[in-house]
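Hi everyone, thanks for coming. Let me put the structure up on the screen, and then we can walk through it together.

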Amino acid sequence: MNNHLLPFPYNISRPTWLERVVQPLWSVLLGGLTQSAPQKPSTTPIPLQNNSAFPPVRIICISDTHNATPPLPSGDILIHAGDLTAHGTFDEVQAQLHWLSSQPHTHKIVIAGNHDLILDEASEMKFLARQGISATKRKQLDWTGIHYLQGEEMTLELPILTAGEQQVRRLKIYGSPMTPEFGLWAFQYPPIRDVWSGQIPDDTDIVVVHGPPALYGDCDNEKGPDGKIKVKGDGYLLREIQRVRPKMLVCGHIHGAYGVTVIQHDGIEGVMNGVQMGWEGYDIVGALKKTLWSRITLGRNVERPEETLVINAAFAPGELRSEDKRAISIDFH
């Protein structure tokens, strides 16, 4: 589990003094929201409501199995958000791919994580000294029945029978394995670098990333020396999600943040995020201006979802033991 405190500007613990001053004012005068901690999902599928006339698609989300093969519930789409393995060798990755391929789900979406070393072609020279990791072995991996995404998107076409008529439902999915640098692992970048802005297509329905966005799916309640909770996700990714507004995001990486949270795209929560992250223009005057403007423009962007469901599906132990975790099921309407 790669717990780490990101460098400035993402090392601001929450809540800040500015948030403590401004948030009560928003709550009283403007109905501002506070951040919610990840909620442990129930054993029943979580309904993700949409205005679609199609019947729901059941999506099964899992991440950070690290060679484990937990039982998975049935569904239409299976998503694995990275860290299939512990050491990233050929044998480990292939065993996980065989396990995933054997599952009955019609579509299987997989991205890599920082532990899946053999899959990182761009950094393979760092790992050649490790047994079972080479470009030759990577080319021998059997991906039968699996859609592998590495900084790219794909559109799933799902045949749907409604009112006796055959139709096709299309879901656009973007996947990336990238995480902020910590140790010698795969698919990493310096935390101060923006690798996210403009990368996710505007009309994406589902985002699959290994590392979570800041403030959502990244809180495991670990505290720094100052006694405040660390912010572990990527702030640039958060801003990109706020721009694109996908219906759901699946991640992992921070094992102790297992559960579900919701990003509200009502403008006010975006301002709160900017305050907590210490972004430029979010001093007390700027934050209040942005809040008032969000009220004026509320409801104008009706073509995109009003919220994004964030699912940290990390199966490896964190605050909860693995035996107390399970794949998270979503009924995508």
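What we have here is a predicted model, so to speak of local features we need pLDDT of at least 70, side-chain atom pairs count only at pLDDT 80 or more, and totals for chains, interfaces and linings use all residues. Residues are numbered from 1 along each chain as its sequence is written, and side-chain values use heavy atoms, with hydrogens and water left out.

Now, which residues does Met248 touch? Leaving aside neighbours within four places in sequence, Met248 is in contact with a list including Leu48, Ile59, Cys61, Ile311, Ile330 and Phe332. Met248 also belongs to the residues with the most contacts inside the largest nonpolar core, together with Ile59, Ile77, Ile311 and Ile330. That core has 28 residues. By nonpolar core I mean a set of buried Ala, Val, Leu, Ile, Met, Phe, Trp, Tyr and Cys residues joined through side-chain atoms within 4.5 Å; buried is under 20% relative accessible area, exposed over 50%, partly exposed in between, with a 1.4 Å probe and protein chains only. Apart from this core lies another, of 25 residues, among them Leu215, Leu238, Trp279 and Val310.

On to the sheets. Helices (H or I, at least four residues) and strands (E, at least two) are DSSP runs, numbered from the N terminus, and two strands pair if DSSP finds at least two bridges between them. Inside it, E2 (residues 57-62) and E3 (residues 77-81) run parallel, joined by 4 bridges. Ile59 stands opposite Ile77 in E3.

There is another open sheet of 6 strands, ordered E6-E7-E10-E11-E13-E12, again with mixed pairing. Here the edge strands are E6 (152-162) and E12 (259-264). E6 pairs with E7 (residues 165-176) in the antiparallel sense over 11 bridges, and Leu156 has Leu171 in E7 as its bridge partner.

How values were computed. Contact means heavy atoms within 4.5 Å.
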